[in-house]
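Hi,

Here is the structure I said I would pass on. Have it open while you read, and I'll go through what turned up.

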Amino acid sequence: MPHCNLVILTGAGVSAESGVPTFRTDADGLWLGHRVEEVATPEAFARDPAKVQGFYNARRRQLAEVVPNPAHRALADLAARWQGRLTLVTQNVDDLHDRAHADVPTGPGFSLIHMHGELLKARCTASGTVCDWPDDLAPAEPSPFHPAGVLRPHIVWFGEIPLEMPRIEAALAEADLFLSIGTSGAVYPAAGFVRAARAAGARTVEINLEPTKGRGVFDDGVYGPAGETLPAFLADL
Ligand code: BV8
């Protein structure tokens with residue numbers, strides 16, 4: 001198998017064992033304790049930038065307290081030995097995949113795509129320029145790139161178009177194997193990637209703590225904490 005084209009989609013479940021909270025744990029549909037409309041939309045940022053920046057500042061600060069877990073490391077080990085194309089698409093905005101892959105050499109066919117942006121980056125609202133930003137952002141952080149801009153989190157909010165979609169769609173169109181790991185399949189277009197992979201003739205596997213609502217679309221399912229299930233599953237690929 002190590003020569004086929006592999007597309008992997010990850011979600012918050014891959015970072016859960018590092019201590020990064022997943023999104024849809026609250027029964028009342030709150031999202032990390034907030035209503036999505038209050039913290040993760042462009043309208044929320046326009047309406048209450050202090051609240052939105054505060055929400056992301058707290059999550060950015062938390063990154064200093066967490067480290068990659070065995071799930072991230074198993075994916076990095078796979079990338080180090082994979083001979084075919086391996087496109088790792090993450091919905092996660094933490095840098096735990098980045099840190100795990102920084103420790104191992106990855107082959108020329110590997111790419112990591114943060115389709116929903118990255119907590120450790122900021123973006124100028126006027127020029128669109130993206131820069132590294134490990135610190136807090138003020139409600140109206142002056143932009144060094146444009147006098148009329150401020151810096152916002154480099155995060156894809158609800159209602160905004162995810163990043164690198166053409167690259168993702170091209171990888172899905174050529175996929176031989178598609179793994180969906182640690183995601184509830186609640187958010188589109190990511191939740192639709194399995195259908196694109198199936199249409200390309202790929203084998204599709206859901207790897208999650210428990211079966212998701214979309215379980216029926218996948219050919220196979222592997223269930224349990226990713227830190228425990230992934231190392232063995234990926235070693236057999
Ligand atoms: C777009 C950044 C147009 C923010 C995020 C009605 C129907 C269909 C779609 C829509 C609709 N109304 C609106 C939409 C579109 C909307 C959408 O999908 N809404 C949903 C809520 C219905 N989508 C959008 O707006 C997107 N943009 O559609 O633009 C377009 C599209 C394509 C082309 C052109 C135009 C933009 C969506 C991006 C939003 N931003 N993140 C932030 O992070 O602050 S989404 C956010 O949810 C995170 O990125 C997160 O990754 C993502 C998905 O959540 P999961 O990762 O799956 O996390 P969750 O908690 O849900 O699940 C965790 C899973 O892990 C669980 O299954 C659990 O069992 C499992 N687990 C837990 N522990 C473990 C584990 N598994 C293994 N091991 C463990 N230890």
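Let's begin with a question: which residue in β6 does Cys124 stand opposite? It's Leu151. Keep in mind as you look that this is a predicted model.

That pair belongs to a bigger arrangement. Strand β4, residues 117-124, runs antiparallel to β6, and 4 bridges join the two. Put together, you get an open sheet of 3 strands in the order β5-β4-β6. The edges are β5 (130-132) and β6 (151-155), each of which pairs on one side only. From one strand to the next, the twist averages 45°.

Is β4 enclosed or open to the outside? 6 of its 8 residues are buried, so the strand is largely enclosed by the rest of the structure. Helix α4 (residues 49-62) also packs on the sheet, where it touches β4 and β6, and its direction makes about 60° with that of β6.

Now for the cysteines. A disulfide is a covalent bond between the sulfur atoms of two cysteines. How many did the search of the whole structure find? The count is 0. Take Cys124: the closest cysteine sulfur is in Cys131, and at 8.8 Å that is too far for a bond, because the cut-off is 2.5 Å. Cys124 is also buried, with a relative accessible area of 2%. Cys4 counts as buried too, at 13% relative accessibility, because the limit for buried is under 20%.

The crossing of α5 past α9 is left-handed. On the α5 side, the residues in contact include Ala74, Leu75 and Leu78, and on the α9 side they include Gly227, Leu230 and Leu234.

Cheers

Definitions and conventions. Residues numbered from 1 in each chain as written. Predicted model: local features only at pLDDT ≥ 70, side-chain atom pairs only at ≥ 80, totals over all residues. Heavy atoms only, no water. Buried < 20%, exposed > 50% of the residue type's maximum accessible area, 1.4 Å probe, protein only. Pairing = 2+ DSSP bridges. Axes fitted to C-alpha atoms, helices over the stretch in contact; angles between N-to-C directions. Contact = heavy atoms within 4.5 Å. Left-handed = near helix turned anticlockwise from the far one by under 90°.
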